[in-house]
Amino acid sequence: MSAATSGNSTDRASAESGATFRSRAWISKSLIAGVVLGVCFASAGFPVAIAADTLVNRKAPEFVRKDLNGTSIDLKSLRGKVVLLDFWATWCAPCLLEMPDFGAWQNRYGARGFQVIGISMDDEPAPVRRVVGKMKLNYPIAMGDARLGSRYGGVLGLPLTYLIDRNGVVRAQFQGETDVKTIEEQLKLILDHR
């Protein structure tokens, strides 16, 4: 093999090695940027859909909370009803978009044994009261906290909605922005199942 041929092989191998290194570096930087952007969006109050541990086909964790009017909400006392449990916050745009539909479903399906419960993950009740008053919601809203959120698998992105059957078993879980028609279809199936 001549020196010219050997030099070309070395140059080609060096160029390919450099391209592979640059490609791997670009992938690493892209992954890091994605994680940083996710953290920034989450800390800025934007909902980031990170899957919580699933509770589907398990008993819903029981809780007792006071709603914004001081009335007690006891999940166990709602056995015999289908419950839509919605974790939300005033700064979560997708949450605010689906809440009027939940209120309409409360009117439409309430007589069939359906109850919506909202759990606000805001830090203070004042903004929650303003939103509830503005929307004229017809279902109870209670304040949530990290302890309640952790019992429901960790509320790592909002909205987080559960459909709980008449026996207190979670039958569907929706993490992040979800088409309300999809939620309503599941709701109807659970309501129809006796």
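Predicted model: local features only at pLDDT ≥ 70, side-chain atom pairs only at ≥ 80, totals over all residues.
Q: How many helices and strands?
A: The chain has 5 helices and 7 strands. Helices (H or I, at least four residues) and strands (E, at least two) are DSSP runs, numbered from the N terminus.

Q: In what order along the sequence?
A: The pattern reads α-β-β-β-α-β-α-β-α-β-β-α.

Q: How much of the chain is buried?
A: Of the 194 residues, 41% are buried. Buried means under 20% relative accessible area, exposed over 50%, partly exposed in between (1.4 Å probe, protein chains only).

Q: And the accessible surface?
A: About 11200 Å², with 56% of that belonging to carbon and sulfur atoms. The areas come from the Shrake-Rupley method with a 1.4 Å probe; for residues, only the protein chains shown count as cover.

Q: What share of contacts comes from residues 24 or more positions apart?
A: They account for 68% of the contacts with a separation of 6 or more. Contact means heavy atoms within 4.5 Å.

Q: Let's go inside. How many residues are in the largest nonpolar core?
A: The core has 48 residues. Phe 87 and Tyr 152 have the most contacts inside it. A nonpolar core is a set of buried Ala, Val, Leu, Ile, Met, Phe, Trp, Tyr and Cys residues joined through side-chain atoms within 4.5 Å.

Q: Which elements give two or more residues to this core?
A: The strands are E3 (82-88), E4 (114-120), E5 (141-143), E6 (160-164) and E7 (170-175). The helices are H2 (93-109), H3 (125-135) and H5 (180-192). The largest share, 6 residues, comes from E3.

Q: Back to Phe 87 and Tyr 152. How do the rings sit?
A: They form a tilted aromatic pair, 5.4 Å centre to centre with 55° between the planes. Rings of Phe, Tyr and Trp (its six-membered ring) pair if their centres lie within 6.5 Å; planes under 30 degrees apart count as stacked, over 60 as edge-to-face and the rest as tilted.

Q: Where are the two in the chain?
A: Phe 87 is in strand E3, and Tyr 152 is in the loop between helix H4 (146-151) and E6. The pair links distant parts of the chain, 65 residues apart. Both Phe 87 and Tyr 152 are buried.

Q: What does Tyr 162 pair with?
A: Tyr 162 pairs with Tyr 152, again tilted: 5.2 Å centre to centre, 55° between the planes. Tyr 152 lies in the H4–E6 loop and Tyr 162 in strand E6, so the pair ties together parts 10 residues apart in sequence. Ring pairs link Phe 63, Phe 87, Tyr 152 and Tyr 162 into a cluster.

Q: How many aromatic pairs in total?
A: The structure holds 6.

Q: How do E6 and E7 pair?
A: In the antiparallel sense, over 5 bridges. Two strands pair if DSSP finds at least two bridges between them. Leu 160 stands opposite Gln 175 in E7.

Q: What about the turn?
A: E6 and E7 form a hairpin with 5 residues between them. Gly 168 in the turn has a positive phi of about 85°.

Q: Is E7 enclosed or open?
A: E7 is largely enclosed by the rest of the structure, because 5 of its 6 residues are buried.

Q: New topic. Which residues does the disulfide join?
A: It joins Cys 92 to Cys 95, S to S 2.3 Å. A disulfide is a pair of cysteine sulfur atoms within 2.5 Å. The S-S torsion is about 80°, so the disulfide is right-handed. Both Cys 92 and Cys 95 are buried.

Q: Are Asn 57 and Lys 136 buried or exposed?
A: Asn 57 counts as exposed at 54% relative accessibility. Lys 136 also counts as exposed, at 68%. Asn 57 is in the loop between helix H1 (3-43) and strand E1 (64-66), and Lys 136 is in the loop between H3 and E5.

How values were computed: Residues numbered from 1 in each chain as written. Heavy atoms only, no water.
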